[in-house]
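Keep the 3D view open as you read.

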Amino acid sequence: MDARLEFFLMSKKINIPVKGQKPPPGKGSSTGDKVFSGPSWRDLPDQQGYYGKFGGAFIPEMLFPNVEQLRTRYLEIIHEPSFQKEFRSLLKDFAGRPTPLYLARRLSSKYNTEIFLKREDLCHTGAHKINNTIGQILLALRLGKRRIIAETGAGQHGVATATVCAMKGVECIVYMGEKDMERQAPNVARMKMLGAKVVPARSGSKTLKDATNEAIRDWINNPVDTHYIIGSVVGPHPYPDMVARFQSVISEEIRLQLLEKTGNELPTHVIACVGGGSNAAGSFYHFLDEGSVELIGVEAAGHGVNSGLSAATTFLGKEGVLHGSRSLVMQTPDGQVIEPHSISAGLDYPGIGPLHAQLYTTGRATFLNATDEESLAAAFELARLEGIIPALESAHALAALEQLQFNEKDTVVLCLSGRGDKDLATYMGAMKEGGTPG
Ligand SMILES: *Cc1c(COP(=O)(O)O)cnc(C)c1O
């Protein structure tokens, strides 16, 4: 592997002059029901893409023109009225927004509180990922790009990208590890049917990391006509902020829907699973400065946080640079990235986005984790209590309900990030082995 293309542990950093850097919000922002008075989370990231000490843009020099163009243009473009008009209209008529906020009565009575499910599973293509790919394709077209590349692990981000490219008539190339292509054949077929070219990554472990390296190589070779759509709140600045903004429609809708349903737009708890952290960032976004709202991220514990087979980054991670930004990363003492494990492909990631690293470090959000087994049980519980089969990723957020103490008067919002169709083989396996969990 060409060292310049190794996106992991990149040492080169873009130096962008700092204008009016704001101090990171202090711990005070996480306490109680007082009116928020500290610096606003809305002032983050700063001009260089930092959330406190996390974030930034650690990229090979050859990527500088692409990333710099995005950095200087993204805010101006997404605030244009014509962009907002087209984005909102596609979210509504193409993706099917607003997604319902559903009061799950039987689940609520089991946990003796009031639990609302934010139904991202009802989005077109089956998960929240389309919110971001719609935003990025519109941005790419306004930057004059006519060719889209993406990396994908399980294929969910690849399908969401192929979908918006077909809708806009734009060339789409998705890099996917050869091993993942075998494991996720239905998603490969979907992408091909949508007209995307799926390119196997044959280096290394032939999985997501290798697909990412191939996508970077492509972007370096095609700096003028190509936009790289990253699927979560990770990557070099401005990706984490850009993706969080596109996903923030989730919490924007939650506030309006809660106000309508309960007379109060603020819940007591917001719970979401965290792979890279995009559905969580979107669910938290409009509550970050509301100190009374408890924010809870749930990571994948795999076989258990101390088993060596896990993806619980806040529990195991240390500061480091991964995929172009400084964050918490699962790594050995000498900085080698540890292979993560989770039963759910979307949470099988050795890092978290820099916003989440800062939320964790300042105590503004609490991070829990759920094992493979607990998550399977939670998926079956939701299916039988509510008639909803969740994605395995979302089942991790559901599993955390067991670990929390609720009051009858609490209003809990849980982001159901996706639907379980893609996980049916795993659910069938679980039923065969142990009868029926849950
Ligand atoms: C990809 C995916 C996730 C994890 O990604 P985040 O960026 O952490 O949201 C969670 N749920 C579903 C259904 C996914 O497809």
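The second largest cavity has a volume of about 50 Å³. This is a predicted model, in which local features need pLDDT of at least 70 and side-chain atom pairs count only at pLDDT 80 or more, while totals for chains, interfaces and linings use all residues. Residues are numbered from 1 along each chain as its sequence is written, and side-chain values use heavy atoms, leaving out hydrogens and water.

**Cavities**
- On a 1 Å grid over the protein atoms alone, a cavity is a set of points where a 1.4 Å probe fits but cannot get out, and lining residues have an atom within 4 Å of a point.
- A volume is the space filled by probe spheres set on the points, which are joined across faces, edges and corners.
- Strand β12 (residues 325-329) gives the most to the lining of the second largest cavity, with 4 residues; strands are DSSP runs (E, at least two residues), numbered from the N terminus.
- The largest cavity has a volume of about 80 Å³, and residues lining it include Trp 41, Arg 42 and Tyr 285.

**Ligand**
- Of the 17 residues around the ligand, Lys 129, Ser 232, Gly 275, Ser 278 and Ser 417 come nearest; a residue is near if one of its heavy atoms lies within 4 Å.
- The ligand lies between domain 1 (50-93 + 129-242) and domain 2 (101-126 + 248-433), because both give residues to the shell around it; the domain bounds come from an automatic or database domain assignment.

Technical notes: 1 Å grid on protein atoms, 1.4 Å probe; cavity = no way out; pocket = protein on both sides within 12 Å on 5 of 7 lines; lining within 4 Å.
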